[in-house]
Each structure stands twice: as C-alpha cells, then as structure tokens.
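This report looks at the surroundings of a ligand and then at one residue of the chain. The structure comes first.

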Amino acid sequence: MIEDKRIDLNKLPKHVTIIMDGNGRWAKNKGEHRIFGHQSGVKSVRECTEAAAELGIKYLTLYAFSTENWMRPKEEVDALMELLVETILDETPTLNKNNIRLQAIGNLKSLPKKCIAQLQQAIDETRKNNGLTLVLALSYSAKWEIIEAVKKIAADVKENKLNIEQINEQIFDDALSTQNIPHPELLIRTSGEQRISNFLLWQIAYTELYFTETLWPDFNRQAFFDAIVDYQNRERRFGKISEQLTS
Ligand code: IPE
Ligand code: IPE
Ligand code: MG
C-alpha cells in the first residue's frame, strides 16, 4: 500500500534513476570509516527498490560505481566490490519475491571475476520477472558508453551493414548499453552535489533533475516519495509552450 496520498499513480515516471552519493560524508559525520557509509547505503537501495516496485515504476537505474571510482584508494574499491557481491547474493531471493528483474550496464568485464559471476547468476535467476527492472550501473561512465556505441556504429558502416545517412537517434539509442530501456523521466542525486558525474549523458537529454541535500544512507522510502511528488508537480514542455500541452 502506498501511504503517500500526494502521489498520482496515473502520472508515474516509467524510469527513475539515482546517483547515490554521500556515503563517505555520512560516515565521516559519525566518526566512522567511509566503508561503513557504503554498508549503510545498502538499506537505502533496498527501500528505494521496494518503493519503486510497489508504485509500479518499470525501471530503476542506480549509479553504484563509476569508471572514475576505480581511482579511489584500493582498500575502498575492494570493499565496494566485496559489498556488491554480498548484497547481490543476499538480495536475490527478495528480488524474486518482489518480481524484480536485475540488469547491469557498464564495462562489466573490468569487474573482479567473483563479481561478474555473482552478477550474472542474479541476472539469470531473475530473468523471468516482469515487475520492476532494477539496473545497476557498474564501472559505468557515459563517455565510455558513447565511445562504445560510436565504435559499434562505425564497424557496421565499415562492413556495409549501415549507410552513414541512416544513422539517426534510434540507431544511436540501440547501440548504447541501455538499448530497450526508456530514457529516464526523473534523475535524483543525493548529497547536495549538483552535477552529473559522467552518468547517462545521452539518455538524460530531457530528464527532470532532482537534487537533495540528504546523504544516501539517510535517503529512505519517504524521501523517494518526496522526489516523485516533486516530479509530478513539474510541467514538462519539451520545447513547446504551456497552452499547447493542455489543448
Ligand atoms: C557514493 O558515496 C558511493 C560511491 C560513489 C560508490 P561516496 O563514496 O561518493 O560518498 P561521498 O561523496 O564521498 O560523501
Ligand atoms: C558519482 O559519485 C558516482 C556514483 C554515485 C557511483 P562520485 O562521488 O564518484 O562523484 P563526484 O566525484 O563527486 O563527481
Ligand atoms: Mg561522492
């Protein structure tokens, strides 16, 4: 049951994406190690995933680890990878119980073998679920993804499978790792930073951006609902004027 009566269930975004930020600062505020912040952030992942599934949102994409995050201290990177394996293992039964399908985008080959194996197993085990699709962005960056897409398209042109004149937005969309996933209507970033940090650059061309000061481990079910309500109060004009939308 959705307890937040402000939410209009007929005006839900199909795809919500979150830049989960602020774990390190949350831990530091408590005099704890950054890794404790990452561990504490798992609860927020669980709450937001369940809230999205209950609402009937079709896609939730979570930015969990960026290409640039590989440059963090080895100890932190190792702990994040360990946490990822553990969390996927622990949560797979809940995903199945809630009819949630898991997917992943990013340069997955660059992840540790154990991670790839666990991730692939969870993707396989949840493949048939048709409620929410939870997409984890891992070792992901938008510039990496765009370059990969350009390489694919260039190869198709070289092999005469495609004419240069045929290249359009659809062809480009299909060459991205998010092929078959609608572009997000709403992007949430926690922790007060107001930047995109190399996330979904192509796909967020017309996405509504929602920034909140809340640090990721404090971002709960109600905070997720607040973001949905904020989104629902916006007028998405796509270049037109208000009067054209109502007529
Ligand atoms: C987000 O929290 C998690 C990842 C990037 C993996 P941070 O670790 O970036 O936390 P802050 O921004 O340093 O507080
Ligand atoms: C963005 O957060 C990446 C993820 C949330 C996974 P960062 O904390 O890495 O981003 P910057 O460095 O503040 O831009
Ligand atoms: Mg950060």
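## The shell around ligand 1

Helix α1 gives the largest share of the shell around ligand 1, with 3 residues. Helices here are DSSP runs (H or I, at least four residues), strands are runs of E with at least two, and both are numbered from the N terminus. The model is predicted, so local features need pLDDT of at least 70, side-chain atom pairs count only at pLDDT 80 or more, and totals for chains, interfaces and linings use all residues. Residues are numbered from 1 along each chain as its sequence is written, chains are lettered from A and ligands numbered from 1 in the order in which they are written, and side-chain values use heavy atoms, with hydrogens and water left out.

The residues that surround ligand 1 include M20, D21, N23 and H38.

## Polar contacts

A polar contact with the ligand is a pair of N or O atoms within 3.5 Å. The side chain of R72 places an N or O atom 2.7 Å from an oxygen atom of ligand 1. For R25, a backbone N or O atom is 2.7 Å from a ligand 1 oxygen. At G22, a polar backbone atom lies 3.3 Å from an oxygen of ligand 1.

## Residue L136

L136 belongs to strand β4, residues 133-140. L136 has a relative accessible area of 10%, so it counts as buried (under 20%; exposed is over 50%, partly exposed in between, with a 1.4 Å probe and protein chains only). Its C-alpha atom is 20 Å from that of I228, which is 92 residues away along the chain.

Key:
Near = heavy atom within 4 Å. Polar contact = N/O pair within 3.5 Å; in protein donor to acceptor, adjacent residues only side chain to side chain.
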